Each structure stands twice: as structure tokens, then as C-alpha cells.
Amino acid sequence: MGQLIKDLADWLVEPTRYSLLTTALLAAVLIWRKKLTHPLVFGASMLGILAFFLFAWGDVNFKAIVTKPDNVPILILLISILFFTWLALRRAVLNDERIERGEPTLEGELSKQKVFTWPDLVYVELICMVLFTALLMVWSISIEAPIEEPASQARTPNPSKAPWYFLGLQEMLVYFDPWIAGVLLPSFIVVGLMAIPFLDTNPKGNGYYTFNERPFAISFFMMGFLLLWVSLVIMGTFLRGPNWSFFGVFEYWDPHKLEPMVNVDLSVYFWVKMLGMPRPESPLIREAPGILLLLGYFVAMPPILGRTFFKKMAAEMGPVRFNVMMHLFLWTALVPIKMVLRWTLSLKYFIGIPEWFFNV
Amino acid sequence: MDKLFRYIASTQIWRSIFRHGYPDTPRNRTLAVLSNVVLHLHPVKVRRSGIQLSYTWCMGGLTFFLFLVETITGLLLMFYYRPTAELAYQDIFALREHVPIGVMREVHRWAAHLMVISVWLHMYRVFLTGSYKPPREFNWNVGVILLVITLLLSFTGYLLPWDQLAVWAITVGTNMARATPFLGHEGPGAALISFGGLNFIHAGDDVRFGLLGGRFVGEAALMRFYVLHCVGFPLVAAGLMALHFWRVRKDGGISGPL
Ligand code: HEM
């Protein structure tokens, strides 16, 4: 029985299934938010996680990875993300019901009352500080900060991992070349975040939790933050082992585990497999299918989506805002698209021009 | 007891510091906030909704608190740490060996991890309450820069223990800079910047070289990261935080429904 659960868990966290599951979970929570954010449902799921954790604690491999001192914060991250996502959605659901009935929101009721900073705010801050000082002391006394062997350029540790908060980007290195994973995507993240207030013209939902009044904004942000950032950090910490191979949570980190890597460029699919001829010599002709495909994606998608799916949004935002937003959106979407194509078709590059270091 | 307190509160020393009575009347509560340099970051009165934990999650405040913790523990660590390839590892190791119940390194490390988490959660909360909408667009942008600085603070600190974990994590992180378009020697377009067959961008002068002060993570990189970690980024962060807090008030306090 125990073994069965472990095997099932390891089977479920294989990258394709893990991504499908987390995506499905987020979608389900957003769609059925009224039912799923009920405190009883949330409490029961938390208990379920706790039970699984207690069960898994007995396993050497699980314990080894979870109790690594630097991995403790990732557990805190996981738990606090679950909790705060629930809290925010719960309040959004309650507020949306109140708005429907024409009542003021939870925040609206309280915002009319003003209280003195001393003592009402000052004591909340004081309690916070005392609690967190205590927590830090207990944590620091019970878990020693790690120190490994002295630095050596000669011996590369396996796995070599970036600091945990950059593991999402390191995961991207599997699917994209470094100039995209390490330079382009982080720049887009920062620029995209900064652009948010200037792109989102919806005046509603300022100063209170709500979902119904800004469904796209919240879904898009949660997709980026929860699925493409936090979830990849968790995956990179707990599920990526030596050689960046994939390991289930109950699996031993065997450095000799090899995953076959036979990834194929789109140009090979097109010229060799579809047309049955050798690939042309000139890089531009050879890569024409990928170039056209990506050009089509970035040039044709915004107007198409703007006339169909996002018609109302395009009208409200105006052409400049809408196009900037769409390009950020398409880049965000390209990440999971490429991941899925890698897992299903072993696609290596849409455009592969190693001659110029230009691979997408 | 009561008498003693009353006596202390009536001494000239006490009254030179606190220029108001015990804050249990509206007047004294106002003065308590206004006449204290730390507290006057706050307005005298706040909206009930803005101090509710279930609304703000207290994550911005927690981030600031953790920044202060980092400053204090970091200062103490600097007493014991010399940033050279020869001594750095020894010094960190000696902290464990020679300081009996020393927890400063632990507090510094765990608080740093927590700060990254709390700043993410703060951003998450600000987004979900739509608090970036007018008039707070500018402060959201200050926040994004603070987020980047927080990550850079943590990243530069990661190298300082000079053990295998540190050096290789930074190697992995900075390897990406090699591929910067045009400016990294393995980036697309770098080969275009050449003259008469001579490449201007190569491993000895690209952006990664500039970051690390060398072709690999060595002594020069350690010194750069140390200076940035202990002086550069904290100063920038402190300045931006002052701006951030000031703007929170100028933008009408913590957001709430209008
Ligand atoms: C070192 C990092 C940061 C510190 C110390 C900090 C601190 C604070 C504090 C104490 C507040 C008061 C309200 C609260 O606690 O929620 C606040 C509000 C705010 N912060 Fe930050 N923050 C930081 C980073 C950020 C980031 C990353 C963002 C967004 C990307 C951001 C955007 C804002 C905005 C828009 C407000 C106003 C919110 C409102 O009025 O409800 N801050 N910040």
C-alpha cells in the first residue's frame, strides 16, 4: 500500500503530468472558486497535505530532500502561497457576492472608520516583529546554515543549481537557449511587471479583493506567478537532481540516471520528415518554416485575437496598449507551448541557426 | 510602582525625549505619532481596512523588518569576514567553530530567504487588491525595482561563503550573461560586432567579464559581489524604500475602496 502511494506520487510528478496537474488545479480553483474556497474544503485539503507529509516523512529519500537546510524556505513558500491564494480568492468570492447584492465590500465597510495609529497599528506591528524575531531565533538555533567544501574550479558539483529563486529560469534553460532563458525572459518579466499599471485600464477592483470585476488580469497574473514561476521553483528544488534529470520525490538521486535526449529541430520535421528531402544549405531557407511560423504567431495573433476572443478588451484598451499587452501575453504563452512541444514531439528549436547563435 | 513610573515620566531626561503624556487621549496619541521620527512614517489616523491583516497580509512591513534584521546581522558578520579567496571560507567556517552559540550567520541566511518570499507575497497582494491602479502606478514601479534589488542582494550574498555551493550557483547564474545578445561572446549578434575579421566581443571583454572582473568566478568577482552586497545594493534599497514609504502616504495611504 505504502509503496503503491509512493509509486503513484512519483508517477504524478513527472514533468508533463506535474504541469498538467498544476494547470488543471489552478483552472479548477478559479472556475469553481465559490465551492472550492469554502473554508471546509480548504481545511480538508490542508489536512490531506499534512497527512501525505507525515506519511512521506518515513521515506529516506523524501526526508533527505525536504530537510536540506536551504530547502526549508521552499516549503514555507509552498505553504504560504497556498494559504494566501486561498485567502485572496475567498475574500474575492465574498466581495463579489456582496457587490451583486449591492452591498459594500468587506474593505468598504471598514474603510469608512478611521482609527488612531497609536495604538491600533503600532501594536499590530509590534506583535509582528516579536513573532518573527522569535521564529527566526528558533529556526536559527535548530537548523545550522550549510557550508560545503571550499570552492574549487576543478570539481563541478552535480547538480549545479542556481539560487532557488532563479530555478524557474534555470528550468527554462532546458527548453530555450541561454540568451532567451537568461536574458530575454527576465527582461520581459521586469518590463512586463512595470508596464502592468499602464496596460490595465480597468478602473474597478482598486483597493479590495474581487475576481468578477477583473477576471483576465487575475487569471493572467496567477498563471505567470503561480504556474510559471513559483511552481517551477518548487519543481527545480525538489524534482531536479543530478544532470538536471527528473526525480520523483521518493526516488534516490542517482547520478547515473540518464534520460535519452534526441531532440529534433522543426526544420528537420519539415524538410526531412514531411518533404522527404535533405535540408537546404542556406540557413535562412532551411529555417524558413520556423521563421514564418513565429512571425505568424507574433504578427498575426494580436489582430486575430483582438477581433475575436479579446474583442471587448481591445476596444477598451486602444491599439497601443492592446498590442504591447498581447506581445507580453504571447511570450508568456510561448513558454508552456515550447515545453509541451518538447515533451510530446521532442522539438528542439523552432528556428535553429547555430551558425549565428540564433536559436529559438 | 505607579509612583515610580510617574516619577520617571516627570524627570527632565524623560520629558526631553517624549514631549507628550501617556498616549491614551486623542491629543497625546496624535503627538505620539507626530513627534517620533520613526512613527511619523505613519499618518496619525488610518483606515480600519488598511490595517487589517487579512487585507495587507503585513507583507510589506515584514519585508522592511527583515531588511532591518539583515542590516544588523550583516554588520555583525562583517566584523569577522574578509573577502579574499584565501580567507573568506576560513572566516565563515571559523564562525561555526569558534563562536559558541553564534546564530548570526543563521539569522542572516534564513531572514534573507524569508525576505525574498515576503517580497513576492507583498507584490502578489498588491496585485490582487488592484493597488497598482491610479494613483499608485509610480509606487508599483518603485516596488518592481525594489524586487529586483532584493533578488540581487540575495544573489550577491550567496557567493560570499566561498564554498562549492556558492561558487557554482553564481557560475550557473552568471553563465547566462555570456549569451546576452550583442554583448555576450556567445550571444546572437556578437559576431556582427567585428572589424576586419577581428571580434570585438570575446570572453575577455563581454558583459560577463564585466560582471565578474574575470573569465570565471574568482577573486575579483568575490570583491565585486562583496562591495555590492554590503554597500552598493543596501544603499540603493534604503533610498528606494524611503521613496516607497513616502509615496504610500502621498498616494492616499494604503489602498481601499473609494
Ligand atoms: C524591499 C521591498 C519592499 C518593501 C520593504 C515594501 C514595503 C511596503 C510597505 C510597508 C507598504 C505598506 C502597505 C503594506 O505593507 O502592504 C507598501 C505598499 C505598497 N507596495 Fe511595497 N514594498 C516592497 C516591494 C514592493 C514591490 C515588489 C511592489 C510591487 C511590484 C510594491 C508595491 C507597493 C504598492 C503599490 C504599495 C501601495 C499598496 C497599497 O496602497 O495598498 N512594493 N510597500
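Me: Helices are DSSP runs of H or I with at least four residues, strands are runs of E with at least two, and both are numbered from the N terminus. Where does A:Pro159 sit on that scheme?
Reply: A:Pro159 is in the loop between helix 8 and helix 9 of chain A.

Me: Ground rules, please. What kind of model is this?
Reply: This is a predicted model, where local features need pLDDT of at least 70 and side-chain atom pairs count only at pLDDT 80 or more, while totals for chains, interfaces and linings use all residues. Residues are numbered from 1 along each chain as its sequence is written, chains are lettered from A and ligands numbered from 1 in written order, and side-chain values use heavy atoms, with hydrogens and water left out.

Me: What are the confidence numbers for chain A?
Reply: pLDDT is the predictor's confidence in each residue, from 0 to 100. Chain A has a mean of 90, and 100% of its residues reach 70 or more. Within chain A, helix 6 is highest at 96, and strand 3 (residues 358–359) is lowest at a mean of 82.

Me: And chain B? What ipTM does the complex get?
Reply: Chain B averages 88, with 95% of the residues scoring at least 70. The predictor gives the complex an ipTM of 0.94 and a pTM of 0.93.

Me: On to the interface. How many residues are in contact?
Reply: 95 residues of chain A contact 90 of chain B. Contact means heavy atoms within 4.5 Å.

Me: What area is buried?
Reply: About 8800 Å², with 72% of that from carbon and sulfur atoms. Buried area is the accessible area (1.4 Å probe) that two parts lose on being put together, summed over both. A:Phe116, A:Trp118 and A:Ile147 supply 9% of what chain A buries against chain B, more than any other three residues.

Me: How many polar contacts and salt bridges cross over?
Reply: There are 39 residue pairs in polar contact, both at pLDDT 80 or more. A polar contact is a pair of N or O atoms within 3.5 Å; within protein, one must be able to donate a hydrogen and the other to accept it, and residues adjacent in sequence count only if both atoms are side-chain atoms. Salt bridges between the chains number three. A salt bridge is a side-chain nitrogen of Lys or Arg within 4 Å of a carboxyl oxygen of Asp or Glu. One of them joins B:Lys133 to A:Asp200, with the closest N and O atoms 3.6 Å apart.

Me: Which elements of chain A give residues to that side?
Reply: Among them are helix 6 (72–100), strand 1 (114–116) and helix 10 (178–199). Helix 8 gives the most, 18 residues.

Me: What does strand 1 of chain A pair with?
Reply: Strand 1 (residues 45–47) of chain B, antiparallel, through three bridges. Two strands pair if DSSP finds at least two bridges between them. A:Phe116 has B:Lys45 as its bridge partner.

Me: Back to salt bridges. What is the total over all chains?
Reply: 13. One is within chain A, between A:Lys6 and A:Asp59, at 2.8 Å from N to O. A:Lys6 is in helix 1 (residues 2–12) and A:Asp59 in the loop between helix 4 (39–57) and helix 5 (60–66), so the pair ties together parts 53 residues apart in sequence.
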